[in-house]
Amino acid sequence: MLGQMMNWSLTIPKILEYAAAMHGDTEIVSRTVEGPVHRYGYADAAKRARKLANALRRLGVGEGDVVGTLAWNGYRHFEIYYAVSGIGAVCHTINPRLFAEQLVYIVNHAADKYIFLDLTFVPLAEKLLAQFKGVKGFVLMTDRAHMPAATALPNPICYEELIAPEPDSIAWPDLDENTASGLCYTSATTGNPRGALYSHRSTVLHAFAHCMRLPGISAEGVMLPVVPMFHVNAWGAPYGAPMVGAKLVFPGPNLDGASLHALMDQEQVTFSAGVPTVWLNLLNHLDQVGKNLATVKYMLIGGSACPQAMIEAFAKRGIEVIHAWGMTETSPLGVVNTPKRKQLALGPQERMQLALKQGRPGFGVEIKIADAEGRALPWDGKAFGTLKVRGPWVCSGYFRQPPMATHDAEGWFDTGDVATIDADGFVELVDRTKDVIKSGGEWISSIQLENIAIAHPAVQEAAAIARRDAKWGERPRLVVVLRKDAKLGADELRDFFAGKVAKWAVPDDVVIVEQLPHTATGKILKRELRDKYGT
Ligand code: ADP
């Protein structure tokens, strides 16, 4: 017998229409590429998204077409998110920091019909233009006054002129909630990037989870996603914030410490989200100017492991770090570190041990760890194995790729991460499968070594990599960047590890460098370090 409840499909435009009706005057504030700060309310954003949806149809964009974006976090990008998905097309957010050949690959693989781009990225698109196969036109996300006098881009369309003549009403099509809505490619460190194809249903359910798992996301809150909208939908903020009526603040291209600090204070931001590298810069800036963040209560930190020193630095400023783990393939929220009631009674040291873990899944994410044969391992916080996940916002395959070994017969997705799970379901990442250091049959976690190194006051950033060794197979080597004007000898840093890890896990040697290479998403590019320092 079927229930008699309405089949109200979970589609993306409903989020924006809700925000327009219920929180119409709640602001979206954006730093723009052109310079000034732009502000309007959810009602205006919805009007303009509807105008854009009409314009897209006029351009011939229909269901199943893919529309690319090369853009910062800003209000026009937000409108594109809703307009493109709303008419049944797919919003393909392109990470402009990818290598040129990867950009060309994904634009062609996705078959982008149009590309919307911020002025910043016009030279990039011009450079790669000849290699983009099927792109019919480029929409420059600006007004007439800021259109470049000349551009090599064919058929350059001005965003404001495109939407101006259109009506601000639309009957959104009644899409099947499983219709594809968005596309994001991983920044694969080897091989071609792979696309995760999100659906309306997965996006809406993920937005519910976003609001459910993150404290302070509410109509009283002000959310500033530093994590880019071109990287896994800014971790869901452009959907979660309107779903609860939180004010949204978009930083545009200015992601340095001073700019973020100014914007956070000015707009009374209560919640922000980003990768550790960004926060390192912000903390350095705050130290330099001797200031604090006036209103921020929570920082969501993920993408790579959040070091203890960072959790402490924010705690000293009255800000709670929420550590989280996720992937492009998991929309991205997988596990989020918020304590259970019984854990509130833990002492400071135990609380810190807990905070360093990546977190626990909420409803909608199933997890397990498995050994090499695929057998489930115990949740004792000690046994470690491949982390596998399942759920309605986890990818079931890759866009336009044959089925892969990443998915097993029971539907589990192999994350490529190695982790432990404790009795309370808290996941702690040991390493990425390919980054773990295998020394004489023992596994050494590069993340653990990096966390210790970075706690040393002279160390700014650290990477632990495997160095080939005739006797042990691999041995750990540290590559570190020192803080400005700091001095540190290799032995001194090695001594710092005493008592913190087993003797055999202490790095054999330390290489001091000016800077570390990073991936397009701000992670340390270990492959490059291994090539250089791994022998
Ligand atoms: P990309 O490789 O494109 O940057 P993702 O952003 O999807 O792709 O990266 C996901 C990976 O980032 C995870 O598989 C994991 O290795 C790492 N990661 C994410 N969050 C954390 C975290 N909190 N701690 C440690 N590693 C993390």
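This is a predicted model: local features need pLDDT of at least 70, side-chain atom pairs count only at pLDDT 80 or more; totals for chains, interfaces and linings use all residues.
T179 touches G88, Y198, S199 and H200, leaving out residues up to four places away in sequence. The protein chain carries 15 helices and 25 strands. Its radius of gyration is 23 Å, close to the 24 Å that the globule rule gives for 535 residues, so the chain is as compact as a globular protein of that length.

**Back to T179**
- You'll find T179 in the loop between α6 (159-163) and β8 (180-185).
- Is T179 buried or exposed? It counts as buried, because its relative accessibility is 18% and the cut-off for buried is under 20%.

**Overall build**
- Along its principal axes, the C-alpha trace of the protein chain spans about 70 × 65 × 45 Å.
- Of the chain's 535 residues, 59% count as buried.
- Take the contacts between residues at least 6 apart in sequence: 66% of them join residues at least 24 apart.

**Nonpolar cores**
- The largest nonpolar core has 149 residues, and the ones touching the most other members are F78, F116, W279 and M299.
- Which helix gives the most to this core? That's α2 (residues 42-58), with eight residues.
- Leaving aside neighbours within four places in sequence, F116 is in contact with L52, L56, V67, G68, T69, L70, I80, V139, M141, Y159 and L162.
- Another core, of 20 residues, lies apart from the largest one; A453, V459, A464 and L482 are among its members.

**A look at I322**
- I322 sits in strand β14 (residues 320-326).
- With a relative accessible area of 0%, I322 is buried.
- Not counting residues up to four places away in sequence, I322 touches P215, F271, Y298, M299, L300, I301, V336, N337 and T338.
- M299, one of those partners, is also one of the residues that touch the most other members of the largest nonpolar core.
- How far apart are I322 and C306 in space? They are 9.4 Å apart, C-alpha to C-alpha, and 16 residues apart in sequence.

Notes
Residues are numbered from 1 along each chain as its sequence is written. Side-chain values use heavy atoms; hydrogens and water are left out. Helices (H or I, at least four residues) and strands (E, at least two) are DSSP runs, numbered from the N terminus. The radius of gyration is taken over C-alpha atoms; the globule rule is 2.2 Å times the number of residues to the power 0.38. Buried means under 20% relative accessible area, exposed over 50%, partly exposed in between (1.4 Å probe, protein chains only). Contact means heavy atoms within 4.5 Å. A nonpolar core is a set of buried Ala, Val, Leu, Ile, Met, Phe, Trp, Tyr and Cys residues joined through side-chain atoms within 4.5 Å.
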